[in-house]
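The sequence and structure come next.

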2 protein chains.
Amino acid sequence: MDQPVINCRPERKDAAENRQRILDAALRLFEEHGVEPVSMNQIAAEAQIGAGTLYRRYRNKNELCMDLIRDPVDQLSRDIKAYLQGNNSSPPSERLRGLLALFLQFKEIHAGLIAGVEHSSAPLGAHSRTSTSLYEEFHQLLVQLFEEVSLEARQAGPDSVFRADMLMIALSSDSYLFQRNVRGNSQDTILDQLCQTFI
Amino acid sequence: MDQPVINCRPERKDAAENRQRILDAALRLFEEHGVEPVSMNQIAAEAQIGAGTLYRRYRNKNELCMDLIRDPVDQLSRDIKAYLQGNNSSPPSERLRGLLALFLQFKEIHAGLIAGVEHSSAPLGAHSRTSTSLYEEFHQLLVQLFEEVSLEARQAGPDSVFRADMLMIALSSDSYLFQRNVRGNSQDTILDQLCQTFI
DNA sequence: TTGACAAGTGGAGACCTCTCCGTTTAATAT
DNA sequence: ATATTAAACGGAGAGGTCTCCACTTGTCAA
C-alpha cells in the first residue's frame with residue numbers, strides 16, 4: 001500500500017560509470033579534433049558503449065557540451081554576481097559594460113564548446129536561446145540594467161526586453177566569430193562597438 | 001587547331017529538363033510539407049532523378065531555395081532601388097526605416113524559403129551572411145545610410161559597418177521568428193523597436 | 001537470499017547527407 | 001552518318017543522427 005517513490009532514485013552505479021566514460025571520451029576527442037567534427041558515433045565508440053546508451057543520456061551534442069561546461073558556467077555565474085555586488089554603486093551603463101566584458105572573456109575561452117552548444121541546437125530554432133538557464137539569467141540581468149539606464153536618463157528608452165534580445169543575439173557565437181574572424185576585430189574592439197551600439 | 005571554346009556551352013537539353021523537374025518537385029513538396037522537413041532525397045525521388053544528379057546542381061537545400069526565390073529577390077532589389085530614388089530627399093533615418101519595412105515585408109511573405117536559405121547553410125557559419133548577394137547589397141546600403149545619419153548629426157556615430165552587421169543579424173530569420181512567435185510582437189512592433197534600437 | 005521490476009544497455013535499422021565513379025548521352029567535328 | 005568527347009546521369013556506399021525494443025542488471029522489499 002506504499003506509494004511508489006516519486007523522487008527519482010539516485011543514479012544507478014553502472015549508469016554513473018557510463019556517464020563518466022562519455023564525458024572522458026568526449027573531452028579527449030574534442031581536445032584532439034575540436035568539437036564540431038566529432039560525431040556522436042565516434043564518442044560512443046571511444047567510450048565503448050552503444051549509440052543508444054549515449055543518446056539515452058544526451059539527446060544531442062549540445063546537451064553533452066552543456067554538461068561539459070557546466071562548471072565554468074557556474075563559475076561565470078558566480079563571477080557575475082560578485083562583480084555586480086562589488087560595483088553596485090557604479091552607473092548602470094558601466095555595470096553593463098563590465099557584464100559584457102565578463103561574458104566575452106568567457107566566450108573567448110570556451111569558444112569551441114559554446115559554439116557546440118549553440119550550434120544545430122534547435123528543433124525550434126529560437127527556443128534554444130531561452131532554454132539555457134545561463135542565457136535566461138543573463139538576459140534577465142540585461143533587462144534590469146537597461147531599465148536602470150532608462151530610469152536614470154529620465155527618458156523612456158526602447159523596450160528593454162527587445163534591446164536585451166538584440167544584444168544577446170549579437171553575442172551569439174555566430175555573430176561574435178564573424179566579427180572576430182571575418183571583420184578582424186579584437187575582443188576589445190567588439191566590446192567597444194557593442195557598448196556604442198546598444199548602450 | 002581551333003581553340004577549345006572557353007565560354008561554357010549552353011546547358012544541355014536533358015540537364016535543363018532535369019533542372020525544371022527539380023524546381024517543380026521541390027515547390028510541390030515545400031507547399032505540401034513546408035521547407036524544413038523535406039529532405040534532398042525526397043526531392044530527388046519526387047523529381048525521379050538520382051541523388052547524385054540533384055547534388056550536382058545544388059550542393060544543398062539552401063542553394064535550391066535560393067534558386068526558388070530568385071525572382072522575388074530580384075523584385076525586392078528593384079523595389080528597394082525605386083524606393084530610394086523616390087525618397088532621396090527624405091532624411092536618411094526615414095529612408096532607413098523604409099528599407100527595413102520593405103525587407104521585413106519580404107521576410108514575412110517568403111519566411112519558409114528564407115529560413116531554408118539561412119538554415120544550416122554554413123560550413124563556416126557566419127560566412128553565409130555575406131555570401132548571398134542580396135545580403136551584401138543590403139548591408140552596403142545600410143552602411144551608406146548610417147554614414148549619412150552620422151554626417152547629418154555632425155557627430156561620429158559608432159562604426160557603421162559594425163552597426164550594419166548587428167542590424168542584419170537582428171533581421172535573421174532566427175531572431176525575427178523569435179520576436180514574432182515567442183515574444184508575440186507584430187511586424188510593425190518589431191519595425192518600431194528595430195528603429196529605436198539601431199537608428 | 002531472493003524475486004520483481006524499473007532502469008539501463010546496445011545494436012539493428014530507418015532515414016539522412018553527400019561523394020565517387022562507371023555508364024549513358026547530347027552536342028559537335030569530320 | 002559516324003566518331004569523339006565532355007557533360008550529365010544515377011545508384012551504391014560511407015558515414016552521420018536518432019529510435020526502437022529485446023535483453024540484461026542494479027536495487028530494494030520481503
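## Basis and terms

Helices (H or I, at least four residues) and strands (E, at least two) are DSSP runs, numbered from the N terminus. The expected span of a helix is 1.5 Å times one less than its number of residues.

The model is predicted: local features need pLDDT of at least 70, side-chain atom pairs count only at pLDDT 80 or more, and totals for chains, interfaces and linings use all residues. Residues are numbered from 1 along each chain as its sequence is written, chains are lettered from A and ligands numbered from 1 in the order in which they are written, and side-chain values use heavy atoms, without hydrogens and water.

## Helix H5 of chain B

Helix H5 of chain B spans residues 70-86, 17 residues in total. From first C-alpha to last, H5(B) reaches 24 Å, close to the 24 Å expected at 1.5 Å a residue.

Buried residues (under 20% relative accessible area, with exposed over 50% and partly exposed in between; 1.4 Å probe, protein chains only) in H5(B) are B:Val73, B:Leu76, B:Ser77, B:Ile80 and B:Leu84. They lie on the same side of H5(B) because they cover an arc of only 100° around the axis, taken from the directions from the helix axis to the C-beta atoms. These buried residues pack against helix H6 (92-109) and helix H9 (133-153) of chain B, where contact means heavy atoms within 4.5 Å. The face turned away from the buried side of H5(B) carries the exposed residues B:Asp71, B:Gln85 and B:Gly86.

## Surface near DNA strand D

A residue is near a strand if one of its heavy atoms lies within 4 Å of it. DNA strand D is surrounded by 23 residues, the closest being A:Asn41, A:Tyr55, B:Arg12, B:Asn18 and B:Arg57. Sugar and phosphate make up 72% of the atoms of DNA strand D that come within 4 Å of the protein.

Polar contacts are pairs of N or O atoms within 3.5 Å; within protein, one must be able to donate a hydrogen and the other to accept it, and residues adjacent in sequence count only if both atoms are side-chain atoms. A polar side-chain atom of B:Arg12 lies 2.7 Å from a base nitrogen of DNA strand D. H3(B) gives the most to the surface near DNA strand D, with four residues.

## Surface near DNA strand C

Around DNA strand C there are 23 residues, with A:Arg12, A:Asn18, A:Arg56, A:Arg57 and B:Asn41 the closest. A polar side-chain atom of A:Arg12 is 2.7 Å from a base nitrogen of DNA strand C. H3(A) supplies the largest share of this surface, five residues.
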